[in-house]
Structure formats: C-alpha cells, structure tokens
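Please keep the sequence and the 3D view at hand while reading.

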Amino acid sequence: MFALKYKPDPGLEFLQFCSHEEINELSDILISTGGSSVELSTNSEYIKNKENLSKCWPIVAAELQKFGGNTISNIARIGEGVLYDEIVNDLCLSFEIASQNLSITEKEDEILLKSLSDSFCIKHALKLFNERADQTAGNPGNQTVFMECIRRNSFLAYEVSLEFMDIIKKFAESHESKMKKLWANDTRIPILAPIYAGPLFEILRKKADPAFRVTIPAIIHIAYLRRKKLKANIL
Amino acid sequence: MTRDVIFAIDWNEVPAEIVEALNSGRAGIFNGVARSTENYKIMKHMPFKPVQMDSIQDLAQVAQQGQALAGAVQMTVAISTAVTVGAVVLCTAYLASKLRELDSKIQRLDARLHGQNLIFYAEKAATYFAAVEATRELISTAELVEENRDLVGQSLSRLSGQRHETMAFLGNLCHLFDHLPDEDRGMALDFFHASLDFVPKAVLVESQAAYRLERFRLGDHVRKSAQRSYEECLLEYRSWGNGLLNKLTRGEASRSNPQVLLDRLSEAKSLINNDCNRILLTTTI
C-alpha cells in the first residue's frame, strides 16, 4: 500500500482553516464510504492527530484526492491522487453539467443546484427561501428564478448549502430503514445519513463506479465548508 | 528575566461612589486621579499598591494580571487593565525593547529595498517611534514633567504630526503588499504588524503627555483621533487579508500567493483581536 501524499491543491487548500469538527466530518465521510480502500484510518499521522484533525488536514485531503483518482482512472489503490478540480469536473460530467470556464465554486454551485432539482428537495428549499425572501433577494416565485438567485448571490449559495444539509438530514431521519437497507454493511449511518438521503439517493444508486459513493458526499460537504468559511472570513 | 515593580489601582480602597462613577462613564482616570469627564474636576486621588511584574515582554500577560486586580465590573476591568498595561509601557523598558525589534525589521527591509520610497516612509515611522520613547522618558516622573513642561509641550506638537504621517504610511502600506515580491512582502508584513501593534502604546504616551500638562481635552482628542485611524488601518488590513484568504478559499489563488500571510496568520489574528491595544486607546489612566 502507498502512503497517502497530499498533492498541493488550490481547491482544497482552504481546509487548513477548518476546525477539528469540520475535518472530522469529512474524514468520517471518507472512512464510512471508502470501504476497504480507505487508508486514512490506519494512517499514522491521522491516528496521532485524532484529537485535533485540523493539524493533519492534508492527509484527509490526500485520501479524497486518491478516491478522485479512482473515479477517473478506475485504477484502485495506486496511491496517486488527482486535484479536486478534476474530481469536481468528473462529477459535473456525470451530472451533465457544462463545467468549462467555471470556477471551482461555480461548479460546486451547479452540483448543489443539480442535487436540488429533486422534487422533494426543491419544494422544501423554495418554502424556506420564500419565508426569508423579504430579507434576501426578493420573492423568487419559481424554481428557475430561485436557482438564478443562488448563482448570482454567494451568500445565498451558502444559505442554500446549509438548508440543503438540513433538508436532507430530515429526509434521512424519516427514511432511516431505507438507508440502512441500502448501506446494510455500514455501521456509521449517522454521519452518512444527511449525505446519502434525498436527492442524491437515486443518483448514487445509478452510479456504477463505487468511488462516486465517496466523492459525491465529500464534494457536497466541501462545498458546504467552503461557503461557511467564505461567509465567516478568516481574519 | 527582569522583574519590575509597577503601581496598580487598589480597588479595595476605592469608594463605591467612585467605582460607580467610573463604571457609568461620569468619571475617568487622568494621571492617577479620578476626574469628572464633564469638567475634569478632581473627584478622588486613586489609591495605588505596588505590584511585581514577572515579564515586560508580553502585554497580554500583563493585561491578565491587571484584570485579576479589578472587580467583576466591565469598566473597572478595562481601567485596571489600562492602568497596569499603561504603567508597564510608561515606566519600564518595554517600549525600548519594542523599538529595538522594530529597528531590526526596518534594517532588514532596508537591506532589500534600499533607496525606495517604502524605506523613506518606514524610516519616518521609526523616527516617530523613537520620539515616542524620548517623550516617555520626559514624562516618566512628575518631577521631570514639572521641570520640563516646555519640552513636553514641544514633544506633543511634534508627535502629533509624526503620528499622522505614520498612520497614513501604514494605511498605504496595505495597498503596497500586493505589488511586492513574496520575500519583501513578508518583511513588509512583519514591519506592519510590529508598527501597528506599537501605535496604541505610542498614543498612550502622547495622550499621557497631554494629561500630565493637564491638557485633558487635547489628550482625549489625541486618543479618539488615533483610535479612529488605528481602527481604519486595521480594517484596511483585514479587508486586504480576507480578500487574499477568500481567494484561496474559493480555490482561485496559487499556492505561493497567500503563503506569506498564511505563515503569519497567528500574528495577524492576534493583532486584529488585540483587546489590550483597544483598551489603551479607549481608557484614560
């Protein structure tokens, strides 16, 4: 087995600003979804910093890069990862999103929007959005206008990513048995539930490549963290 | 390690009505005397007690000791902190040691950017800080002030102009960061952090010099004016820093670009969140 090695990656550098809890959630997603391919849980640096994972964020990022490499080359466990942008491009391709000329943040927005297009999710997101429409960008009225608002407003994108996590979490809670059936071998349902439920449920099922199980929830979580950091400012 | 004895307010000996007046803002402490903030009339000579300080290098530690000497009320905590920290700045070799640090940063910057405008202004800032230390010496005892009131007055008029020049330079320096090569930017940032951290102490000396001459309105004006410039400068810096870091968060920065700031992130955060500096700019002693 190759040692995890982080490739300097503009798309993931911001993880250095994340707290232990935030990195822990990301590593839980990788460990829970990665099955036997996961190296993170046995990595000495990871184990050493288990109580303060913000110190070893590059190792967690390297694990994601490795899974991204799997989806692209389909060669498992070669130890060499790919940049986050490539992982996102791969998912955009799978979602039929035209990602050329888009920045990483814009690509993530499109992925979030694509996921939101599920009828259950959009209904709830629209309801929440309309409730606060007066304080934001006016009443969006319908789905198309709503999505355009998100594209134009990074703060709104953050709000949506927050709501998105919340909505799918609630969905997961009400569909726990379905979740457990799908992931019968996984004992770490709680952290996975928000990610695997709702709109991504069908998408995940359709994807042949098992590495998508890892990269899709990880990308959604990273998109959420990125918006959280942009909203808060580092200094 | 140097051990210094400074004088801190003995809150146990302060009458309740004075504490109440200080807390409500009806009174402030000027030269160790509680005076009405409305007409600067004397309300009470504050009681002091000697306190031994283990270190004069870290004002945050000193501030904590100051806070421990105060009661639980917010304003007395601020006053106690300001008095303790102020005493260290005014009565010990703290400023001189900071001045040496600053001087070495300017020399390093000078070696890289010799002959450029940046150095011209950096040296002006250094002159200001040296003048602050000279003024501190002048006001270190009541006897010195009494004997040299004219010199203190001259220092005051000189310091005011130099302070404005320095603050303007530090504000402009934020805009220059992006135009400097990485190595020079690192040195410029070090200089900026050290200088801006020095400013509240310098303003304390300047305002105290005014108070020692019983020019209370002038002292108050210096503090308030400097506080505005200081906060504006910090805001500029924050905005520049966050712009750079947000670029990195959005995945749009090359690795080397924000690295200089990332290497100094804890210094930047401690400067921006330095309550001790804010207390020095807002509280009279």
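Two strands pair if DSSP finds at least two bridges between them. Helices (H or I, at least four residues) and strands (E, at least two) are DSSP runs, numbered from the N terminus.

The model is predicted: local features need pLDDT of at least 70, side-chain atom pairs count only at pLDDT 80 or more, and totals for chains, interfaces and linings use all residues. Residues are numbered from 1 along each chain as its sequence is written, chains are lettered from A and ligands numbered from 1 in the order in which they are written, and side-chain values use heavy atoms, with hydrogens and water left out.

**The sheet of chain B**

- Chain B holds an open sheet of three strands in the order S2-S3-S4, with antiparallel pairing.
- Strand S2 (27-30) and strand S4 (42-45) of chain B are the edge strands, each pairing on one side only.
- From one strand to the next, the twist averages 30 degrees.
- S2(B) and strand S3 (residues 33-36) of chain B run antiparallel and are joined by four bridges; Gly28(B) stands opposite Arg35(B) in S3(B).

**The interface of chains A and B**

- In contact (heavy atoms within 4.5 Å) are 17 residues of chain A and 17 residues of chain B.
- The buried area, which is the accessible area (1.4 Å probe) that two parts lose on being put together, summed over both, is about 1,500 Å² between chain A and chain B, and carbon and sulfur atoms give 62% of this area.
- Helix H5 (104-116) and helix H12 (211-232) of chain A are the elements that give two or more residues to the side of chain A that touches chain B.
- H12(A) provides the largest share of that side, three residues.

**Salt bridges**

- Glu39(A) forms a salt bridge with Lys66(A), whose closest N and O atoms are 3.3 Å apart.
- This pair links distant parts of the chain, 27 residues apart: Glu39(A) lies in the loop between helix H1 (20-34) and helix H2 (44-48) of chain A, and Lys66(A) lies in helix H3 (residues 57-73) of chain A.
- Across the interface of chain A and chain B, the rule finds zero salt bridges.

Definitions and conventions: Axes fitted to C-alpha atoms, helices over the stretch in contact; angles between N-to-C directions. Salt bridge = Lys/Arg side-chain N within 4 Å of Asp/Glu carboxyl O.
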